[in-house]
Amino acid sequence: METITRTQTVIRFREDILNRARYKAKQQSMSLNAYLEHVVEEAVKPQIPKLPKEFKVSDFVKSLSGVITAPSQEELEADPKLAYILGKGGE
């Protein structure tokens with residue numbers, strides 16, 4: 001099992017925002033820390049856009065598949081435009 005290392009930090013929030021976050025955390029039976037970590041994780045998650053159904057990759061681009069090496073998943077997550085062009089953005 002992977003060990004997750006966490007770093008303690010201090011973040012200042014407006015009181016009204018912090019109170020709403022506490023309320024939301026309690027509604028979801030989560031600690032405030034777990035709730036805020038979840039919210040921040042979702043906010044910074046790499047987004048790979050979905051391709052429109054009518055999107056087609058040209059034959060020329062497909063012909064380059066033997067010339068250009070396939071990017072890793074990390075590269076696709078770091079470059080959503082590349083993922084989109086390669087058709088890895090989902091359906």
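These are my notebook entries on a predicted model of a single chain.

**Entry 1: overall fold**

I started with the secondary structure. The chain has five helices and zero strands. Read along the sequence, I get the pattern α-α-α-α-α. Next I looked up how spread out the chain is. Its radius of gyration is 20 Å, whereas the globule rule gives 12 Å for 91 residues, so the chain is more spread out than a compact globule. I then took the spans of the C-alpha trace. Along the principal axes they come to about 55 × 30 × 25 Å. I also checked burial. Buried residues make up 8% of the 91 residues.

**Entry 2: helix α1**

I picked α1 to check its length. The helix covers residues 15-27, which is 13 residues. From first C-alpha to last it reaches 18 Å, close to the 18 Å expected at 1.5 Å a residue. I then looked at what comes after it. S29 follows α1 and has a positive phi, near 55 degrees.

**Entry 3: the largest pocket**

I asked how much volume the largest pocket has. The figure is about 510 Å³. I went through the lining next. It consists of 15 residues. Nearest the pocket centre lie T9, I11, N33, L36 and E37. Which helix gives the most to this lining? I found that it is α2, residues 32-44, with seven residues. I sorted the lining by residue class as well. Eight residues are nonpolar, four are polar and three are charged.

**Entry 4: salt bridges**

I counted four salt bridges in the structure. I took R6 and E37 first. Their side chains meet at 3.0 Å, N to O. This pair links distant parts of the chain, with R6 in the segment before α1 and E37 in helix α2, 31 residues apart. E37 came up in the pocket entry too, among the residues nearest the centre. I checked its accessibility. E37 has 35% relative accessibility, so it counts as partly exposed.

I moved on to R14 and D16. Their side chains form a salt bridge at 2.9 Å, N to O. The two partners fall into separate classes. R14 is at 52% relative accessibility and counts as exposed, because the cut-off for that class is over 50%. D16 is at 34% and counts as partly exposed.

E42 and K45 were next. Their salt bridge has an N to O distance of 3.1 Å. I looked up both accessibilities. E42 is partly exposed at 38%. K45 is also partly exposed, with a relative accessible area of 38%. I then checked for shared partners among the salt bridges. R14, D16 and R20 are joined into one network in this way.

**Entry 5: P52**

Where does P52 lie? I placed P52 in the loop between α2 and α3, the latter being residues 59-63. Is P52 buried, exposed or partly exposed? P52 has a relative accessible area of 30%, so I noted it as partly exposed. I also looked up a C-alpha pair that involves this residue. P52 and G87 are 35 residues apart along the chain. Their C-alpha atoms are separated by 10.0 Å.

Definitions and conventions:
Residues are numbered from 1 along each chain as its sequence is written. This is a predicted model: local features need pLDDT of at least 70, side-chain atom pairs count only at pLDDT 80 or more; totals for chains, interfaces and linings use all residues. Side-chain values use heavy atoms; hydrogens and water are left out. On a 1 Å grid over the protein atoms alone, a cavity is a set of points where a 1.4 Å probe fits but cannot get out, and a pocket is an open set with protein on both sides within 12 Å along at least five of seven lines; lining residues have an atom within 4 Å of a point. Grid points are joined across faces, edges and corners, and a volume is the space filled by probe spheres set on the points. Helices (H or I, at least four residues) and strands (E, at least two) are DSSP runs, numbered from the N terminus. Ala, Val, Leu, Ile, Met, Phe, Trp, Tyr, Cys and Pro count as nonpolar, Asp, Glu, Lys and Arg as charged, and the others, Gly among them, as polar. The expected span of a helix is 1.5 Å times one less than its number of residues. Buried means under 20% relative accessible area, exposed over 50%, partly exposed in between (1.4 Å probe, protein chains only). The radius of gyration is taken over C-alpha atoms; the globule rule is 2.2 Å times the number of residues to the power 0.38.
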